[in-house]
Amino acid sequence: MSGVQVKMTINGEEVVRDVEPRMLLVHFLRDELDMTGTHWGCDTSNCGTCVVQMDGEPVKSCTVLTAMASGHDILTVEGLEKDGELDPVQQGFMEEHGLQCGFCTPGMMLTARALLDSNPNPTDDEIREAISGQICRCTGYVNIVRAVRWAAEHQPAPLEEVRS
């Protein structure tokens, strides 16, 4: 089977590669780009451990063909940290013990970042709803909700608030 060329931006860097047409995005990230922060879990799209952002929206990378991601902006957990500083979501997971084994954590963080980008001050119920497509087998989600709440309280003010 012949390959297909894909071109996308991953964590701010343009990536161009030839890939097998049926390659899933999770495998492209992990196996071709060695970006192992994106975890591969259930292989059925139920667990959500493989979540990345595509154009700012959380997607389960085990359900997206790499060819379908061509032309899009992809954000992985490796891209959350900027200039040596953790994203407030990452810091919140540390501060509030929102990770246990860490397997679901990258996907949870990317879902939380997308939530806070669209809703900077979500309620606990809105946080729970946002992460409802992801399974954490280690916790009752209490610390994950606290971690996202911490991030909401410690993220920089939106530009429009800074200007006023």
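Which residues in α3 meet which residues in α6? Select P88, V89, Q91, G92, F93 and E95 in α3, and you will find them meeting I144, A147, V148, W150, A151 and H154 in α6; contact here means heavy atoms within 4.5 Å. Before going on, note that this is a predicted model, where local features need pLDDT of at least 70, side-chain atom pairs count only at pLDDT 80 or more, and totals for chains, interfaces and linings use all residues. Residues are numbered from 1 along each chain as its sequence is written, and side-chain values use heavy atoms, with hydrogens and water left out.

Helices (H or I, at least four residues) and strands (E, at least two) are DSSP runs, numbered from the N terminus.

**Stop 1: the helix pair.** Stay with α3 and α6, whose axes come within 8 Å and cross at roughly 135°. That makes α3 oblique to α6. (Axes are lines fitted to C-alpha atoms, for helices over the stretch in contact, and angles run from 0 to 180 degrees between N-to-C directions; under 35 degrees counts as roughly parallel, over 145 as roughly antiparallel, 65 to 115 as roughly perpendicular and the rest as oblique.)

**Stop 2: helix α4.** Now select residues 105-118, the 14 residues of α4, which reaches 20 Å from its first C-alpha to its last. Colour by accessibility: 12 of the 14 residues are buried, so α4 is largely enclosed by the rest of the structure. Buried means under 20% relative accessible area, with a 1.4 Å probe and protein chains only. The buried residues of α4 pack against β3, β4, β5, α3, α5 and α6. The helix lies across β3, β4 and β5, at about 35° to β3.

**Stop 3: the sheet.** Show the strands next: 5 of them form an open sheet in the order β2-β1-β5-β3-β4, with mixed pairing. β2 (13-19) and β4 are the edge strands, each pairing on one side only. Two strands pair if DSSP finds at least two bridges between them. β1 (residues 4-10) runs parallel to its partner β5 over 2 bridges; pick T9 to see D73 of β5 opposite.

**Stop 4: strand β3.** V51 and Q53 point one way and V52 and M54 the other, and all are buried. Towards β4, β3 pairs in the antiparallel sense over 4 bridges, and M54 stands opposite E57. Zoom in on the hairpin turn, where D55 has a positive phi of about 55°. Towards β5, 2 bridges join antiparallel strands, and Q53 faces L75.

Notes:
Expected span 1.5 Å × (residues − 1). Buried < 20%, exposed > 50% of the residue type's maximum accessible area, 1.4 Å probe, protein only.
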